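Me: I'm just getting started with structures like this one. Could you walk me through it with some questions and answers?

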Amino acid sequence: MPDLLDKIVSLAKQRGLIFQSSEIYGGMAAIYDYGPLGVELKRNVKERWWQAMVYQNDDVVGLDAAIMMHPEVWKASGHLDAFNDPMIDDRQSGHRYRADELIEEHAASLRSDGEDEEAARVEEQLAEARRADDPNEAFYDIIHEEEIRGPDSGAFDWTAVRNFNLMFASNYGPASDSTVYLRPETAQGIFVNFRNAQETARQHLPFGIAQIGKAFRNEIVARQFVFRTREFEQMEMQYFLKPGEEEDAFQRWKEKRMNWHVENGVRPERLRWHAHDQLSHYAVAAEDIQYQFPMGWKELEGLHSRTDFDLEQHEEHSGKKMSYYDPWEEERYTPYVVETSAGLDRTILMLLCDAYTEDEISGDERTVLQLHPELAPYRAAVFPLVKKEGMPERAHEIERDLRQHFNVMYDERGSMGKRYRRMDEAGTPFCITVDGQTMEDGTVTVRDRDTTEQDRVPAENVATYIFDASRGWTPDGA
RNA sequence: GCGGGGAUAGCUCAGCGGUAGAGCGUCACCUUCCCAAGGUGAGGGCCGCGGGUUCGAAUCCCGUUCCCCGCUCCA
């Protein structure tokens with residue numbers, strides 16, 4: 001099944017869904033652009049998420065925070081410290097160590113062997129290395145001169161020493177006088193706006209803040225098409241609540257989030273929950289929604305019970321009160337947070353994988369994207385059966401009417417069969433054809449993408465017909 | 001980042017020292033009253049990029065960028 005991903009990459013390129021970034025210059029690793037069809041799919045996914053999260057929950061409000069934030073935010077969140085260390089890899093074991101700690105441990109073991117002078121010399125070198133212009137090279141030299149071996153493998157097979165900066169840094173201000181970071185997650189924009197949103201939206205706890213936006217991470221390994229990219233988009237919601245109520249909220253959002261994916265037409269048997277074995281420092285519970293991608297079960301969306309860690313951190317670092325006063329209970333507390341965080345690009349990839357189908361109609365193979373009609377880039381296509389007898393004009397009229405409701409493609413080129421196949425590959429669920437009978441009684445044929453069957457419908461009812469047929473669509477046509 | 005494989009037309013690929021090919025797709029015209037392969041024609045590639053070897057490089061060598069497969073964290 002690994003070639004399914006190859007097929008999807010080809011189709012995505014050919015049909016204008018997803019292109020490699022800066023392709024004409026040789027491309028940028030792990031960054032992708034969404035083409036004319038891809039942007040429609042992406043917008044539809046975002047729209048459905050916003051509908052489900054913000055409009056259908058009276059206790060959730062939206063937010064659109066900036067990508068650049070005060071650098072102190074990332075100190076408070078832990079991102080700055082946790083991901084800025086000199087690291088070295090042992091090629092034998094594949095394990096990664098902090099280069100400076102490796103040297104410290106080496107010195108300590110020398111000392112415990114009674115070689116105090118040697119230990120002191122190494123420690124002196126380490127101190128010098130830390131002050132060096134290129135500390136990483138200096139660390140590397142020490143490790144080599146001292147022949148420090150891999151603690152797990154006992155091997156002497158090191159990579160170079162490198163700093164792993166998770167965050168992209170940039171310069172803020174025309175004089176480039178201070179460093180800012182492109183956010184590695186959208187969540188912090190929500191946390192720092194907790195009080196603003198809560199008071200202005202006149203929300204009481206529990207309530208949530210939802211946001212869709214870009215985030216950036218210098219991933220060490222970035223691969224598998226748009227699954228793991230360095231610039232990506234998240235759909236996140238942080239739900240603030242009274243400590244003690246997190247378990248209920250966690251369960252409630254678990255159910256809602258899984259349902260959302262199923263309602264998008266994703267096959268339920270290819271979705272599952274996966275609980276984390278190890279929890280992050282900020283979480284007391286963490287479970288992922290995984291999808292069975294061609295390359296295996298992979299994380300799509302994370303649910304985390306984050307306690308009051310983030311708000312407490314921001315209260316400490318900013319000196320501003322981040323707690324909430326409950327007017328009924330007459331008590332003040334720092335809210336706990338339950339987070340739902342979905343990867344938009346991963347959702348797109350999942351939808352493409354789930355929708356990609358090769359089947360046979362009357363002996364001919366076809367490729368079809370069986371996307372949920374409400375997600376498909378084009379909801380409908382309009383064709384004149386032949387390019388004469390007034391059919392193109394009539395078809396254009398219908399096209400104009402339908403464009404008031406959704407994105408529509410008009411096509412009169414090639415044979416009918418070719419037009420249907422083109423639309424199958426784009427995932428267009430409905431193809432409307434103006435034929436001889438249309439000119440007589442005003443009815444058109446509506447051809448179903450999944451079954452290829454046709455219904456004859458009065459032209460003025462086509463929009464309603466499409467709305468009805470779109471609602472409650474399932475991949476099996478049930 | 002490490003190891004392995006690859007990069008030739010929009011897509012899938014052939015060519016592997018002697019001046020660039022196929023299928024599909026795209027475009028134009030014709031045909032066609034409904035499921036890609038009816039006709040005619042057209043456009044499209046300094047063979048990823050840079051350097052070297054050679055009389056001559058898509059083809060051999062080196063570097064680099066990008067892609068794919070394994071090893072690891074996350075949305």
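Me: How many residue pairs are in polar contact between domain 1 and domain 3?
Reply: This is a predicted model, where local features need pLDDT of at least 70, side-chain atom pairs count only at pLDDT 80 or more, and totals for chains, interfaces and linings use all residues. Side-chain values use heavy atoms, with hydrogens and water left out. A polar contact is a pair of N or O atoms within 3.5 Å; within protein, one must be able to donate a hydrogen and the other to accept it, and residues adjacent in sequence count only if both atoms are side-chain atoms. With both residues at pLDDT 80 or more, the count between these domains is three residue pairs.

Me: Which helix gives the largest share of the side of domain 1 that touches domain 3?
Reply: Helices here are DSSP runs (H or I, at least four residues; strands are E, at least two), numbered from the N terminus. Six residues of that side come from one helix, residues 36–55, and that's helix 2.

Me: Which side chains meet in a salt bridge at 2.4 Å, N to O?
Reply: A salt bridge needs a side-chain nitrogen of Lys or Arg within 4 Å of a carboxyl oxygen of Asp or Glu. The rule finds one across the interface of domain 1 and domain 3. The side chains that meet at 2.4 Å are R48 and E374.

Me: What area is buried between domain 1 and domain 3?
Reply: Buried area is the accessible area (1.4 Å probe) that two parts lose on being put together, summed over both. Carbon and sulfur atoms give 65% of it here. The total is about 1,000 Å².

Me: Which residue has a polar side-chain atom 2.6 Å from a base nitrogen of RNA strand B?
Reply: Q20 has a polar side-chain atom 3.1 Å from a phosphate oxygen. E389 has one 3.0 Å from a base nitrogen. At 2.6 Å from a base nitrogen, you'll find R228.

Me: Which helix gives the largest share of the surface near RNA strand B?
Reply: Several elements each supply at least two residues, including helix 1 (2–15), strand 10 (231–241) and helix 14 (416–426). The largest share is seven residues, and it comes from helix 14.

Key: Residues numbered from 1 in each chain as written. Chains lettered and ligands numbered in written order.
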